Each structure stands twice: as C-alpha cells, then as structure tokens.
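Trainee: I have a model open on my screen and would like to go through it with you. Could you take my questions as they come?

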Amino acid sequence: MKKILAVDDSASMRQMVGFTLKTAGFDVTEACNGDEALKVAQQGQYDLVISDVNMPVMDGITLIRNLRDLPAYKFTPLLMLTTESGGDKKQEGRAAGATGWIVKPFNPDQLLATVRKVLG
Amino acid sequence: MDIDLSQFSQVFFEESIEGLAAMEAELLNLDVDNPDDEAINTIFRSAHSIKGGSGTFGFTAVANFTHLLETLLDEIRDGRRKMLPDHVDILLHSVDVLRGMLDALMAETEYSDPKLQELEQRLNEALGADSQTSSEATTDAEPVADTSANQIWRIRFIAGEHIMRCGNDPMLMFNELRDIGSLNVTLLTKEMPALDGYDPEACYLSWELELETDQPQEKIKEAFEWVEDECEISYEQVTTEPAEQEQAEAKTSAVVQTVTSKPQGTAKPKNTDGGSIRVSTEKIDMLINMVGELVITQAMLGQIGQQEEISQESVLMLQQGLEQLASHTRDLQESVMQIRMIPISFAFNRFPRLVRDTSQQLGKKVELIMKGEETELDKTVMEKIVDPMVHLVRNSLDHGLESPEDRVAKGKTETGSITLNAYHQGGNIVIEIIDDGAGLNTEKILNKAVEKGLVSPDEDLSDDAIHQLIFKPGFSTADAVSDLSGRGVGMDVVKRNIHELNGTIDLRSRKDEGSRFTIRLPLTLAILDGQLVRIGDHVYVVPLVSIYESLQVSQDRINRLSDEHELIRLRDEYVPVVKVFKEFGHHAEAQNIKDGLVMVVDNSNEKVGLLVDELLAQQQVVIKNLEDNYTRIPGVSGATILGNGTVALIIDVAGLVNLAGIGHSNEHAA
C-alpha cells in the first residue's frame with residue numbers, strides 16, 4: 001500500500017484529503033504544519049507528500065526544500081496545494097523542489113487523478 | 001469516486017470561526033502605520049484558509065468574498081500596497097459579514113445582508129479598478145472536452161536536466177497523454193554525454209511524441225504543466241483540420257460546479273449550537289491513563305475476589321484496593337469534567353472589538369485589559385455568561401467611564417480602563433469586570449428607586465445597599481436614552497441569567513474610583529453544591545448559593561394573610577413562606593410554620609421561606625435532567641442520586657414560588 005503524507009493547517013482540508021485518499025486505498029498520515037510533517041517524514045518513508053503552502057510554524061515551500069535535501073526524499077513526488085492566484089508560489093515551489101501542484105478548490109476526483117498521475 | 005463533502009462542513013465551519021476570531025484579534029492589535037509582518041501573515045492565512053475551504057466544500061459565495069479579502073491582504077503582505085486605517089475597518093466589517101455568512105450556512109438559511117454588497121464595493125474600490133468581483137469558481141472552470149474530430153499532434157519534448165530531482169518522471173507524463181489519445185513515443189538519445197561527464201541523477205533524454213487525440217491543445221499541455229518552465233516543449237499540429245480550441249473555450253459546463261460537494265440544501269439539519277467540542281489530546285491522554293489505572297485496580301480487586309479463603313492480609317489488600325478505586329474514580333470524574341472545559345478566552349475574545357467599536361461611537365478613550373484568559377470553565381456555562389458580560393461591559397463603557405475631558409478635569413488619565421479578569425476560587429470561577437470610571441451615582445439610583453416605589457423615601461440605606469437596587473426588577477437602566485445600554489434589558493435580567501447558572505453577582509462601586517462587578521459561577525452545570533433537606537419521607541436538594549439562612553420561627557412572628565399565604569417577620573422584613581409539602585402534595589411532620597424550620601432563600605433578589613422538617617448534609621450532587629429521563633415537574637429543576645441510591649429532587653425556587661402563587665410580582669402589584 002502506498003504511503004502518503006498529507007499536510008495542511010486546515011483540519012477540514014486535511015480530513016477531506018485524508019478521507020479521499022484512504023477511501024481510494026492509500027495509507028495516509030496527516031500533519032498540520034511543515035515542522036510536524038518534516039519530523040513525521042523522517043520517521044518513515046512516504047511515497048508522496050501533499051502539502052498546503054500557507055501554514056504557520058513552517059510553510060509548505062520550506063517543508064519541500066527541507067524534504068528535498070533529505071536523501072530519502074530526493075526523488076519522491078512532493079505536491080503543493082495552491083490557489084489559482086498563487087502563480088508566484090508555483091514557481092517558488094518548483095524552485096524549492098516541488099514535483100507539481102494541485103490547485104484549490106479541487107474535488108476528490110481531481111485530487112485522486114493527480115495523485116495517481118505522480119504515483120504511476 | 002463518490003465522496004460526500006458535506007461531512008467535512010462542520011469542521012470547516014469551526015475552523016473558519018476560529019480563523020475569523022484570530023483575524024479579528026490581530027486586526028484590533030495592529031499598528032496600522034507599522035504593521036507587524038507576522039500579524040499580517042496570520043490575517044492573510046485566515047482569509048486564505050477560509051477561501052480554500054469554502055471553494056472546496058462548495059460555499060461559493062464565501063469563496064468569492066474571501067477572494068477579495070485575500071487579494072487585498074496579499075498585496076499588503078507583499079508590500080505592493082500600504083496598509084491604511086480604512087483597510088482595517090473594511091477587514092473588521094468583513095469578519096462580521098463572514099460570520100453572518102457562516103452562521104447562515106450552518107443554520108441552512110439564506111444570507112441576505114446588504115452589508116455584503118457594500119463591503120464588496122468598498123473592497124473593489126480599495127483594490128482599484130483592475131480587480132473584479134467576478135467569481136473564480138466560474139473562471140477557474142476547466143473547459144470540458146470537446147467532441148471535435150481527432151487531430152494529430154507532433155510534440156518535441158526535451159527534458160530539463162534536473163527534472164527527475166523534483167520527482168517528475170517523463171513516463172508518467174506520457175501515461176497521461178495515453179489517457180487522452182493514442183501515443184507514439186520515439187526516444188532521442190543523441191544528447192547523452194560521455195560516461196566520464198555523466199551525472200546519474202540527471203536526465204539527458206529527449207523524445208518525439210505523436211499523439212492522436214480529440215482533445216484541445218490546452219489538455220495536452222496539462223500533462224507537461226509542472227515542467228514546462230524547465231523543459232523545451234514544442235507542439236505542432238499535423239493535420240489540417242480547423243482548430244477547435246476556441247470552440248472548447250466556449251463550453252462552460254464547469255467541472256467545479258458539478259463536483260464541489262453537496263450544496264447546503266440537501267444536507268440534514270445540523271446542531272448549529274456547536275454540538276461538538278474540540279478536546280486537546282492531552283486531556284484525552286489523561287483520561288486514557290486514568291482508565292488504565294482503573295483497569296489495574298479492577299484486576300487487583302478481582303484477584304482478591306477469587307481467593308478461596310479470606311485472610312487478614314487479603315482484607316487489607318481489599319481495603320487498599322477500594323481506596324485506590326475511590327481515588328481513581330474521583331480523578332476520572334475530574335478528567336471527564338475537564339473535557340467540557342474550555343478557556344474563557346473564547347468569551348473574552350469578542351470584547352476587544354466591542355470595546356473598540358463602542359468607545360469610538362461614544363468618543364471615549366478606553367484601554368481594555370484582559371487577565372486570566374486561560375482560566376477554564378464549562379462550555380455551556382461560558383455560552384450563557386457571554387450575554388450578561390456584554391451587557392456589563394457596555395454599561396461600564398456607557399455609564400461608568402467618563403469622557404476624556406471629564407476625566408482630565410477630575411485629574412484622571414485621559415484614557416479609561418476596563419479590566420476583564422478571570423480566576424478559579426474554590427470550585428468556582430470568578431469573573432470580574434472592573435472599570436476606573438465615575439462609579440455608580442448613588443443619589444440618582446436612590447431617587448429612581450424611590451420614584452419606582454422600590455424603597456420608601458425615608459429608608460436609611462448604605463451606599464452599598466443603594467447600589468444593590470440596580471439589580472431589582474423594575475429598576476430599568478439609567479436614563480434609557482442611550483443607544484447602547486438601556487435596551488430594555490435591565491440589570492435584573494443580568495442577575496437572573498447568572499442565577500440560572502447557579503451563580504452570583506456582586507457589585508462594589510466608589511465614586512470617581514470606578515466599579516467592580518464580580519460574577520461567581522460554578523465550574524460546571526453538571527455538579528451542584530447542595531443542601532439536603534428532609535420533608536416528610538422525602539429528601540430534597542436546595543442549591544447552596546440561594547440560601548440566606550435557616551431558622552425556627554415562633555408563633556408571634558407569623559402573620560397569616562389567608563389559608564394560602566403566610567408571612568414571617570424576619571428582622572425588618574416580611575418574608576412569605578412556601579409550605580413545600582403542600583405544593584408537592586405529600587405528608588410532612590411540620591404542618592405549621594412554628595413546628596418546622598424555615599429556610600430563607602433567594603428568589604430573584606426577594607427573600608422567600610421554605611418550610612422543611614430537617615436540615616441534612618451539605619454535599620456536591622450530580623445533576624440529572626428530569627425532562628430527559630421523565631418529564632418536567634414545576635418547582636423541580638432536576639434530580640440527583642444520593643450515596644444510598646435513592647433519588648432526591650432538586651428544588652427550583654423560582655418555579656416553586658410560582659407554583660405557590662406568591663411571586664414578588666404579586667407583592668409589588670400594589
């Protein structure tokens with residue numbers, strides 16, 4: 001079973017992403033900011049990390065940069081959840097090592113399609 | 001996949017309301033001329049989260065409105081726009097509007113406040129002409145596949161060297177293309193370097209793809225969306241059929257519209273009264289720990305129970321075990337109570353805004369000081385104490401604090417202060433509302449009380465006794481001309497509300513020094529400090545807070561008005577007495593007042609006597625709701641189970657007085 005780490009400071013979004021992916025048969029762990037996610041990520045190897053960008057404590061872009069620096073996450077797909085207005089954020093995220101992004105608002109089907117795309 | 005997004009709505013509402021509170025608090029603290037980056041970030045993040053969530057869960061109106069807020073905040077955050085006082089004002093009003101919108105969504109009603117349009121307009125003006133109110137939900141809609149004829153695209157894809165290091169894999173992109181048409185892949189390897197210059201983590205490949213699809217070019221580009229900046233990609237249309245992209249763009253059967261969750265209408269009615277509660281994991285861990293201890297004790301007791309012979313030693317162990325059990329049960333009870341406890345900051349948080357708005361309106365300078373915000377109390381108690389607190393703070397602002405000129409004239413600082421303070425004391429929470437204003441106007445209150453017939457003109461009253469008169473029913477607030485207080489809700493209502501929570505309110509006021517209202521509340525509504533009394537064969541519980549005194553009354557101090565109405569003379573007062581056994585229709589030893597005990601209790605600031613046979617112990621009792629378990633009985637507020645397993649009814653003094661038909665309204669009718 002593929003392991004996914006879902007990071008969002010918003011509980012409703014986290015639950016929605018978590019529920020959707022679990023229902024689709026993934027093993028999902030949730031974290032509510034970049035700092036927590038970074039710790040969790042180092043305790044086990046995840047096949048995919050999906051992270052919100054705007055979060056307190058550690059934002060999503062810093063998280064991606066930090067993850068990419070870890071040997072275990074060098075080639076792991078890392079997706080950002082951005083809004084359509086966050087054009088700069090996409091570039092910033094790419095520069096930090098993000099694989100791609102999912103644009104909010106999205107629905108469960110769009111989320112799954114993207115996840116399946118990166119997990120093959 | 002069929003996922004009902006409405007299951008996440010409640011959490012979304014809760015976090016949005018919290019986000020709005022955070023936003024409001026930061027806005028109120030903000031130094032407009034020199035805003036703190038972190039504060040702006042927090043405000044932005046709240047708006048941003050609400051927008052993201054509302055869009056995802058299908059609350060389009062909220063999403064559209066928060067989009068405007070987010071845009072403004074984003075510009076301020078990036079330094080593209082300077083923060084103005086007007087922005088703070090707009091944002092604060094937006095918080096109100098969003099609260100209204102969320103409330104309407106929770107209650108599943110229509111939101112129609114003209115303030116929304118007004119604010120949208122103000123936001124658009126603040127943003128300048130370039131921004132529009134237009135909803136992104138529609139602009140964001142993906143063009144849906146057009147059923148135009150197949151076309152052949154020749155795509156040349158030269159991968160960027162570092163593409164793999166971002167977790168991108170060209171094979172996956174090709175797979176995506178295979179989903180929309182038939183694909184022919186040719187690998188070109190001529191860029192491969194010699195082995196000594198070869199970086200195994202880099203990608204040196206390029207491809208030539210031939211795709212036959214009925215999808216527009218936009219759809220093809222999507223496959224490479226994430227890497228288009230670092231890869232070279234060219235598209236060439238091989239066939240000569242007319243381009244169909246424009247046609248596709250015209251299609252707007254928005255994906256977003258059809259898939260974003262169930263709209264509000266279909267969901268089942270939800271408890272909008274915050275039916276859920278968030279509990280910190282720490283508290284839950286504590287509970288689990290406690291239950292663990294209980295299980296161990298139970299196992300230990302079980303072992304003793306299995307012994308065939310009871311020795312001296314096992315009796316000792318049994319006693320120990322029972323002691324442990326008692327201690328764990330007590331701890332467990334406390335932990336369970338803790339679950340319902342939330343910090344009073346939830347109630348305090350609304351005051352900075354109230355004080356800001358009100359003081360502006362009144363032209364007064366006020367500093368709000370809040371202490372003990374982390375003090376915890378029962379969620380239900382807190383919900384019910386907010387309104388009385390609002391009333392008291394409004395009163396202090398309106399009547400207590402003087403205008404800056406008056407203050408200066410009195411030699412005080414120009415800025416007055418209102419302090420909200422909370423702390424625990426015994427099993428109670430104490431909430432104080434303190435102002436350093438003019439204090440209560442003793443003379444004015446006395447005149448008014450005389451005018452209303454609450455006291456006689458020749459009565460000699462201390463200042464404190466006069467101050468207490470404001471809690472009397474019928475003493476309406478001040479001149480009643482003010483827009484703020486005096487909305488027909490008097491201090492008697494405040495007092496009654498607090499009393500309903502088994503609490504008390506005290507007032508101390510000194511001329512030109514200020515006033516201090518002290519509210520004392522039980523930490524929870526589930527437990528009551530009670531006095532047990534016996535009447536005939538029945539045991540009743542009277543809330544301890546409402547008892548003044550208990551006494552035996554001799555015949556000469558009893559005045560009989562009629563069969564139903566008897567008064568006792570208590571010092572200078574006449575106190576009506578309720579024969580409880582009569583009202584509840586059972587036997588009692590003391591049929592006449594002189595044979596029993598009269599317990600003098602408070603009924604909305606009036607004294608009432610209850611005739612009982614005997615006083616028993618004072619103890620904390622756990623309140624059980626009668627309405628849920630049986631039916632409502634007038635004069636009884638609930639029941640409890642005593643240590644010996646019998647049920648005792650808890651007396652509702654006001655209800656009982658009504659039942660007996662001797663309410664103070666009768667007394668003052670004349």
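Trainee: What do the buried residues of α7(B) pack against?
Mentor: They pack against β2 (181–188), β3 (206–213) and α8 (217–223) of chain B. Before going on, bear in mind that this is a predicted model, in which local features need pLDDT of at least 70 and side-chain atom pairs count only at pLDDT 80 or more, whereas totals for chains, interfaces and linings use all residues. Residues are numbered from 1 along each chain as its sequence is written, while chains are lettered from A and ligands numbered from 1 in the order in which they are written.

Trainee: And which are the buried residues of helix α7 of chain B?
Mentor: In that helix, residues 170–180, they are P170(B), M173(B) and L177(B), where buried means that 20 or more other C-beta atoms lie within 10 Å of the residue's own, exposed means 12 or fewer, partly exposed is in between, and the C-beta atoms are placed from the backbone. They sit on the same side of α7(B) because they cover an arc of only 60° around the axis, the arc being that of the directions from the helix axis to the C-beta atoms. An α-helix has 3.6 residues a turn, so residues three or four places apart point the same way.

Trainee: Stepping back, how many helices and strands does chain B have?
Mentor: Chain B has 23 helices and 22 strands, counting DSSP runs numbered from the N terminus, with helices as H or I of at least four residues and strands as E of at least two. Of its 670 residues, 29% count as buried.

Trainee: What is the strand order in the open sheet of five strands in chain B?
Mentor: The order is β6-β8-β9-β11-β10 of chain B, with mixed pairing, and two strands are taken to pair if DSSP finds at least two bridges between them. At the edges are β6 (366–371) and β10 (504–510) of chain B, each of which pairs on one side only. From one strand to the next the twist averages 15°, and for such angles axes are lines fitted to C-alpha atoms, for helices over the stretch in contact, with values running from 0 to 180 degrees between N-to-C directions.

Trainee: How many bridges join β8 to β9 of chain B, and do they run parallel or antiparallel?
Mentor: Eight bridges join β8 (residues 416–425) to β9 (residues 428–435) of chain B, and the two run antiparallel; within this pair, H424(B) stands opposite I429(B).

Trainee: Which strands does helix α14 of chain B touch when it packs on the sheet?
Mentor: Helix α14 (residues 351–362) touches β6 and β8 of chain B, and its direction makes about 165° with that of β6(B). Helix α15 (residues 379–400) of chain B lies across β6, β8, β9 and β11 (514–522) of chain B, running at about 20° to β9(B). Contact here means that the C-beta atoms of two residues, placed from the backbone, lie within 7 Å.

Trainee: Changing topic, how many residues does each chain give to the contact between them?
Mentor: Chain A gives 36 residues and chain B gives 31 residues. On the chain A side, α1 (11–23), β4 (78–83), β5 (100–104) and α5 (108–119) each supply at least two residues, and the largest share, eight residues, comes from α1(A). By class that side has 15 nonpolar, 14 polar and seven charged residues, with Ala, Val, Leu, Ile, Met, Phe, Trp, Tyr, Cys and Pro counted as nonpolar, Asp, Glu, Lys and Arg as charged, and the others, Gly among them, as polar.

Trainee: What feature does UniProt place at D52(A)?
Mentor: An unreviewed UniProt entry places "modified residue: 4-aspartylphosphate" there, in the numbering used here, with feature names shortened and with the caution that annotations may be inferred rather than shown by experiment. D52(A) is in strand β3 of chain A.

Trainee: Is D52(A) buried or exposed?
Mentor: D52(A) counts as buried because it has 28 C-beta neighbours inside 10 Å. Leaving aside residues up to four places away in sequence, D52(A) touches V7(A), D8(A), D9(A), M13(A), G60(A) and L81(A).
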